[in-house]
Amino acid sequence: MRFKGMTIFVTGGAGFIGSAVCRHLLAETQANIVNLDKLTYAANLDNIPNGVSNSRYVFKRADICNAPLLRQLFSEFRPDAVMNLAAESHVDRSIDGPGEFMQTNVVGTFSLLQEALRYYRGLNDTQRAGFRFLHVSTDEVFGSLGESGYFSENSPYAPNSPYSASKASSDHLVRAWHETYGLPTLITNCSNNYGPYHFPEKLIPHTIIKGLSGEELPVYGDGQNIRDWLFVEDHAKALTLVLERGRVGQTYNIGGRNERTNLRVVETICDLLDELAPRTITPRRDLISFVVDRPGHDRRYAIDASKIERELGWTAERSFESGIERTVRWYIDQQHWWKAILAGGYASIRVGLSQ
Ligand code: NAD
């Protein structure tokens, strides 16, 4: 059985992707999970329903910048692996307030690497041979593509937003801790995720929630920016495989081969909402409104995922059509989940205009 008897630290496990990783590891493996999360605005412990009263799951409130606390947790739980998903993740917020992004994404990754290394050095040879540090990153570190081509593992780094610059910095730290200190690290760079439990500030949940209540649906700029969408559960499976079988010191790109313009994504959601939650007034597409673009908005991201497909046998299982329908249905059925976030004070207003 996969990961039997092993303990995995999942940092940021109460966030969107981290919680999908926790749910997947609990459902499909025998691993013991320690979810380390600071519980920022983006966190929600309800995202892991199968963690409740599961003896293989523990939650610890922890900031990855807090080195003494990390040291104590490493010595208490003696993990076999670390999956680092703790991050500030919203590009628009990084434009207005980059400080938190530098703190968590750069300094936090540094603290986690240092404490992982200190712990790793105290392991015996057998334990060291099995230990892994998987750092989860984004394709945004590679900057923007033109109309053709794909990001590969050899693409040069060219981050354009404070968010992607902070993630690029953390990738470089992880690489250096492998090359200099021999920490057994792995890095993944993934395209845009979507699916259940996605915080309402991101394009897809924002559009679904506004569309359900018949509000205006903002699209940045001309709506022609392209993202390569991946269903979050496919990402969680890929990360688990990389942890299990990835080659130490390597980087793996993860993507769904599902390129769509933002406008097409919003139109698809409109059509699904009209079908699944009909309104009598106007079709949802009439609610679309083009608004001022994001400063430094990357035009196109697209991933060449052939390395992970070839080496680890991973492919995205869900097409965009099936994943987006499942997601829209989830937000219709689970209104209590996102209404609690709105009631908790999330304002749902435009940020990141750099003014
Ligand atoms: P998220 O914002 O939904 O969740 C981040 C989680 O990290 C939250 O639970 C938050 O409380 C926690 N956190 C923040 N600061 C912390 C700190 N200092 N210490 C401990 N926990 C902290 O983000 P997400 O979308 O789930 O992204 C997870 C990771 O995947 C990030 O590293 C992100 O860069 C990367 N990624 C995201 C996408 C995407 O489309 N969302 C794509 C590729 C890569």
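**Entry 1: S19**

I started with S19, which counts as buried, its relative accessibility being 0%. The model I am reading is a predicted one. I looked up where S19 sits and found it in helix 1. Next I checked what its side chain reaches: a polar atom of the S19 side chain lies 2.6 Å from the backbone oxygen of G15. I then listed its contacts, leaving out residues up to four places away in sequence. With those set aside, S19 touches G12, G13, A14, N47 and I48. I picked N47 from that list and took the distance between C-alpha atoms. S19 and N47 are 28 residues apart along the chain, and their C-alpha atoms are separated by 5.9 Å.

**Entry 2: the ligand**

Helix 1 came up again when I turned to the ligand. Which elements supply at least two residues each of the shell around the ligand? I found helix 1 (16-28), strand 5 (132-138) and helix 6 (162-181). Strand 5 gives the most to this shell, with three residues.

I counted the surroundings as well. The ligand is surrounded by 28 residues, and the closest are I17, D37, S89, Y163 and K167. By type, the shell residues divide into 14 nonpolar, ten polar and four charged.

At F16, a backbone N or O atom lies 3.0 Å from an oxygen atom of the ligand. At K38, a polar backbone atom is 3.1 Å from a nitrogen atom of the ligand. At T40, a polar backbone atom is 2.9 Å from an oxygen atom of the ligand. On its own the ligand has 840 Å² of accessible area, and the protein covers 96% of that.

**Entry 3: the nonpolar cores**

I wrote down one general point before looking. In soluble globular proteins, nonpolar side chains tend to be buried together.

The largest nonpolar core here has 42 residues, and I8, V10, M83 and I308 touch the most other members. The strands are strand 1 (7-11), strand 4 (81-84), strand 5, strand 6 (185-190) and strand 11 (251-254). The helices are helix 1, helix 8 (232-245) and helix 10 (306-312). Helix 8 gives the most to this core, with seven residues.

Neighbours within four places in sequence aside, I8 is in contact with F3, L25, A31, N32, I33, V34, A81, M83 and L243. Another core lies apart from the largest one; it has 24 residues, among them L70, V82, L183 and I187.

F3 was on the contact list of I8, and I looked at it by itself. F3 is found in the segment before strand 1. Is F3 buried or exposed? F3 is buried, with a relative accessible area of 8%. I noted its backbone too: F3 is not a glycine, yet its phi is positive, at about 60 degrees.

R78 also has a positive phi, near 50 degrees, and R78 is a residue other than glycine. R78 lies in the loop between helix 2 (67-77) and strand 4. The relative accessible area of R78 is 40%, so R78 is partly exposed.

**Entry 4: T188**

I found T188 in strand 6. T188 counts as buried because its relative accessibility is 0%. What is T188 in contact with, neighbours within four places in sequence aside? I listed L134, H135, V136, S137, T138, L239, V242, Y252 and I254.

**Entry 5: N225**

N225 counts as buried because its relative accessibility is 0%. With neighbours within four places in sequence left aside, N225 is in contact with Y220, R260, T261, N262, H297, D298 and R299.

Two of these contacts I looked at in detail. The side chains of N225 and H297 are joined by a polar contact of 3.3 Å. These two residues are 72 residues apart in sequence, and 8.1 Å apart in space from C-alpha to C-alpha. The side chain of N225 also reaches the backbone oxygen of D298, at 2.9 Å.

Key:
Residues numbered from 1 in each chain as written. Predicted model: local features only at pLDDT ≥ 70, side-chain atom pairs only at ≥ 80, totals over all residues. Heavy atoms only, no water. Near = heavy atom within 4 Å. Polar contact = N/O pair within 3.5 Å; in protein donor to acceptor, adjacent residues only side chain to side chain. Areas by Shrake-Rupley, 256 points an atom, 1.4 Å probe, with all protein chains shown as cover. Helix = DSSP H or I, 4+ residues; strand = E, 2+ residues; numbered from the N terminus. Nonpolar A, V, L, I, M, F, W, Y, C, P; charged D, E, K, R; others polar. Core = buried A, V, L, I, M, F, W, Y, C linked by side-chain atoms within 4.5 Å. Buried < 20%, exposed > 50% of the residue type's maximum accessible area, 1.4 Å probe, protein only. Contact = heavy atoms within 4.5 Å.
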